[in-house]
Amino acid sequence: MAEASRWHLGGTPKRKLRYREDVEIRTTLQELLLYSIFLINLCILTFGMVNPHMYYLNKVMSSLFLDTSVAGEERTNFKSIRSITDFWKFMEGPFLDGLYWDSWYNNEKLYDLKNSSRIYYENILLGLPRVRQLKVRNGTCKVYSFFRSLMDECYDKYTSKNEDMADFGLKQDTEWKYSSPGMNSPWHWGFVGVYQNGGYIFTLSKSKSETLNKFINLRMNSWITRGTRVIFIDFSVYNANVNLFCIIRLVAEFPATGGILTSWQFYSVKLLRYVSFYDYFIASCEIIFCIFIIVFAIQEIKKLKEFKFAYFKSIWNWLELLLLVLCFLTVFFSSYSNMQIYRMLGQLLRDTEKYSDFYFLAYWHIYYNNIIAITIFFAWIKIFKFISFNKTMSQLSSTLSRCIKDIIGFAIMFFIIFFAYAQLGFLVFGSQVDDFSTFQNAIFTQFRIVLGDFNFAGIQQANRILGPIYFITFVFFVFFVLLNMFLAIINDTYSEVKADYSIGRRPDFQLGKMIKKSYNNALEKLKLKKPETDEDKERMENKDLAEKARREGFDEKEIQSAEQMKKWKERLEKKYYSTEIQDDYQTVTQQEFRDLFLYAVELEKELHYVSLKLNRVMKKVSALQY
């Protein structure tokens with residue numbers, strides 16, 4: 001009887017289980033609050049790096065050097081350069097006019113000409129601009145025997161093995177002699193090649209007339225030859241009004257096919273990071289960010305020691321590790337970038353008679369910006385770990401987790417067909433349509449077709465037979481068949497999840513209840529809300545349950561019967577699971593045994609009621625499927 005008393009009283013095990021659940025919920029809530037602070041701090045840090053003036057500075061500079069036309073030739077600017085003649089016209093015209101601002105619009109001199117030029121009167125030209133070219137040797141490719149009588153010279157595409165390092169032309173100044181590349185200089189990825197630093201280099205003068213004479217001399221002595229493969233124009237400006245550096249690179253590539261391909265890079269970066277009070281506030285956020293990284297790393301190490309190999313079975317733990325790696329990379333790139341800036345910036349600013357290579361500093365700063373952008377992306381993704389307190393979000397996560405295998409199988413089938421069409425488009429249209437000029441372009445073009453952005457006229461003109469066949473079959477199989485299959489997989493899985501939730505097979509949203517309870521308690525303490533009594537809480541709960549039952553199709557009689565059964569159950573639980581009873585080994589009286597028997601009978605009725613409800617729901621689900 002003592003054992004029976006212990007069983008019907010519930011005893012310590014039930015209290016311990018409830019205590020563990022409360023501890024787990026509180027721990028999760030604390031983790032959510034801590035991570036929210038970390039995410040807010042990271043957002044402040046990242047948005048503090050971005051300045052709206054960066055875009056406007058890039059726009060102003062690009063408009064000046066890319067869109068300004070040659071005098072008398074409105075269609076000739078840097079973007080439209082296609083020949084060596086057009087290139088020299090740009091260098092001697094719009095480039096010089098945009099680079100040298102010697103006076104105000106009324107010809108009044110605002111500063112000493114020995115000082116640097118001020119583009120748009122606000123942007124100081126740092127050091128001297130630099131122009132350099134890379135060449136390839138003659139004989140780097142073979143001419144077919146039938147054409148050797150017509151052409152005995154052959155210049156292949158640029159590679160480091162084909163690069164020409166011999167002196168040429170006048171062989172006097174640096175522009176005619178090869179300069180070796182620096183150790184720390186990054187390579188440039190162009191349209192038709194990857195180019196290293198070094199080459200045939202010359203710096204411009206601070207005088208506009210001297211620079212013009214230099215260009216004329218180079219043009220007259222054929223500085224650009226058949227072996228020329230790329231020309232870089234590099235310079236940097238600083239705007240003190242917004243504390244931004246703009247590093248500019250104009251690139252003209254000379255492919256082996258002939259002609260010129262132009263590209264450009266405008267990087268507005270904040271190299272002097274700690275100037276204003278807001279900058280120091282961002283610095284404090286960076287320190288807090290490092291503290292959070294250390295705390296999170298210690299937590300993950302403890303979890304790894306506790307769970308060992310089972311730790312890697314959870315996808316959230318993999319996301320935690322990825323986020324930690326990205327955070328450490330962010331700290332590394334930030335530290336390295338700051339060290340290089342403090343090491344090189346002062347020297348670059350002092351040497352005003354030389355080219356100031358700010359491109360290296362901008363290169364690492366852009367890398368830091370990219371890695372922190374990826375970090376904050378995955379930091380936001382981690383929010384899904386804490387969505388169990390919301391029913392809708394829980395349904396979403398359950399749907400995705402259930403159909404992941406089906407999605408993987410569908411993805412394999414989708415990409416087999418997708419890459420087959422990409423290969424077909426590249427081979428058929430690659431030589432005539434720019435969107436299919438490379439296999440990578442063909443892949444992205446097909447994604448654009450799925451989204452409704454396509455050039456059917458170009459495809460049809462390239463091949464009047466295969467063009468329409470390719471387009472119609474691709475749209476039919478990929479858009480109408482495969483994408484609808486994907487939506488069907490998601491829809492069916494979501495219906496299953498909703499059916500499970502309707503019959504009670506769903507997670508207990510205890511975290512959401514605790515958040516709501518804490519919110520109500522705070523309002524009551526602030527006297528913004530009247531305290532709720534137990535009767536009010538019970539009334540509201542019963543009302544919510546009744547409304548939910550009516551929405552699911554139960555009649556009033558069933559609802560009233562369920563409410564009576566719930567009251568009977570609560571009365572018995574209050575009597576036999578009361579925490580006020582301390583002795584677990586009391587004897588069971590005859591009356592108590594009778595009440596316990598009645599309670600078992602009521603439980604049997606309740607199970608029968610649940611069974612009927614389950615059968616009704618399953619019938620509804622079966623009807624929906626058919």
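1. Let me start with the cysteines, and with C154 in particular. This is a predicted model, and in it C154 comes out buried, because its relative accessible area is 12% and the cut-off for buried is under 20%.

2. The partner of C154 is C141, and their sulfur atoms sit 1.6 Å apart, so the pair falls within the 2.5 Å used to call a disulfide. The torsion about the S-S bond is about -110°, which makes the C141 and C154 bridge left-handed. Both cysteines belong to the loop between β2 (123–135) and β3 (188–189), and they are 13 residues apart. C141 is partly exposed, with a relative accessible area of 24%.

3. On to the aromatics. The count of aromatic pairs comes to 62. Take F78 and F90 as one of them: the centres are 5.1 Å apart and the planes make an angle of 50°, a tilted arrangement. The two residues are 12 apart in the chain, with F78 in the loop between α3 (52–66) and α4 (84–99) and F90 in helix α4 itself. Is F78 buried or exposed? Buried, with a relative accessible area of 0%, and F90 is likewise buried at 0%.

4. Y421 and F474 are both buried.

5. Which rings are linked into a cluster along with F78 and F90? Ring pairs join them to F65, F87, W88, F95, F202, F215, W223, F235, F254 and W264. If you colour by residue type, I'd select that set together.

6. K135 lies over the face of Y200, 5.6 Å from the ring centre. The charged end of K382 is placed over the ring of F296, at 5.3 Å from its centre.

Notes
Residues are numbered from 1 along each chain as its sequence is written. This is a predicted model: local features need pLDDT of at least 70, side-chain atom pairs count only at pLDDT 80 or more; totals for chains, interfaces and linings use all residues. Side-chain values use heavy atoms; hydrogens and water are left out. Rings of Phe, Tyr and Trp (its six-membered ring) pair if their centres lie within 6.5 Å; planes under 30 degrees apart count as stacked, over 60 as edge-to-face and the rest as tilted. Helices (H or I, at least four residues) and strands (E, at least two) are DSSP runs, numbered from the N terminus. Buried means under 20% relative accessible area, exposed over 50%, partly exposed in between (1.4 Å probe, protein chains only). A charge sits over a ring if NZ of Lys or CZ of Arg is within 6 Å of the ring centre and within 35 degrees of the ring normal.
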